[in-house]
Amino acid sequence: MWSRNKTPAPAGAAEIATLAARLAVFLQAGLSPPRCWEELSRDETVGASARRLAAEVHHQLEQGASHTSAVAQACGEGSEPERVLSALIHVAHESGTPLYMALWALAEALRDRVGVEADIAAITQAPRQTTWLLLGLPPLSVVIAGSLGVDALGFLTGSLFGWLLLGSGTAFYALAIGWMRRLVTQLMPAENFLSPARDLLAVATQGGALPEMAEERVERVLAEHRLASGDIPEVRALTALSRRAGIPIAQLAKAEATWQRHQTRAQAAQAVQALSVRILIPLGLLVLPAFVMVGVVPVVFSLLEGALRSGVAEVW
């Protein structure tokens, strides 16, 4: 089920968001799925990876595959946004929910993700550029010192103290880069960021399915598409609440999915603001001391050594 004839580069969150929104518009306008995917395969605005994905889906449809099978064949081994797209189409088809409504919800969730990624990139850009600048200054200082007759490189490689400075500075630089990378990775992991269980439940229940049937369908589709199932307990709690309070599960699931996306967006924004301060810690504790070790101390010691030798020579 999950094999594909070609293996295009996985489409990212931004491309799948654009693809889902455009597909929703086409379907709502009354275009058939084959025509939608054909148009998407030619659409320059959705990105190269998304166009290749659309072309593969269209090829599968021309070969006689159903819509859900064609999307599953194209997305099954792809990125998480691709697999969530396939899961939504699968659930919407089984439950009889209008597909364009599910696609709009997916596009909104993915655009939130892209916005948070842009905020993270903007915040981390200055510390990263500062780190690379300080990485380049020690070799430059050695070259400048050499042009002035100061053998800073010889000091670093010609004594135990120099080797200790060089090794410590290099280790500090490596630790700083790894630390900053880990801060960013912890804030926004590459996988399982969508948590689509609530959105899938909203889609599964809008077609009139019983809560228990919709819950079982969501769990099965999550497993088939290798998506995070950590929200399953919350999905079961919504089902129990719907039964207990007599609230239509479709409205409850849709409201919960919308609230969860807003809450995730607010938490991500708060974490991004905290990152703007935390990412300066490795810069101050590791990068600046490493620069002093490799770029300042050798030059100063070499100058002092040269001055002392000149003084001794003048005395004699």
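**Salt bridges and a nonpolar surface patch**

E77 and R226 join their side chains in a salt bridge, with an N to O distance of 3.9 Å. E77 sits in the loop between α4 (67-75) and α5 (80-95), and R226 in the loop between α10 (211-224) and α11 (232-245), so the pair ties together parts that are 149 residues apart in sequence. R226 is partly exposed, at 44% relative accessibility.

The structure is a predicted model, in which local features need pLDDT of at least 70, side-chain atom pairs count only at pLDDT 80 or more, and totals for chains, interfaces and linings use all residues. Residues are numbered from 1 along each chain as its sequence is written, and side-chain values use heavy atoms, with hydrogens and water left out.

A salt bridge is a side-chain nitrogen of Lys or Arg within 4 Å of a carboxyl oxygen of Asp or Glu. By this rule the count is 12 salt bridges. Side chains of opposite charge can pair when their charged atoms come close. Helices (H or I, at least four residues) and strands (E, at least two) are DSSP runs, numbered from the N terminus.

A second pair is E219 and R236, whose side chains meet in a salt bridge at 3.1 Å, N to O. E219 lies in helix α10 and R236 in helix α11, so this pair ties together parts that are 17 residues apart in sequence. E219 is partly exposed, at 25% relative accessibility. R236 is also partly exposed, with a relative accessible area of 44%.

Helix α10 also holds a pair of its own. E224 forms a salt bridge with R220, and their closest N and O atoms are 3.8 Å apart. Both residues lie in helix α10, 4 residues apart, about one turn of the helix. E224 is partly exposed at 28%, and R220 is partly exposed at 27%. E224 and R220 belong to a network of salt bridges that also links E94, E216 and R217.

The surface also carries a nonpolar patch. F161, L164, V300, F301 and L304 make this patch, which covers about 450 Å². Patch residues have over 30% relative accessible area and no salt bridge; like charges are joined within 9 Å, and nonpolar side chains (Val, Leu, Ile, Met, Phe, Trp, Tyr) within 5 Å. Accessible areas come from the Shrake-Rupley method with a 1.4 Å probe; for residues, only the protein chains shown count as cover. At least two residues of the patch come from each of α8 (160-187) and α13 (280-315). The largest share, 3 residues, comes from α13.

Methods: Buried < 20%, exposed > 50% of the residue type's maximum accessible area, 1.4 Å probe, protein only.
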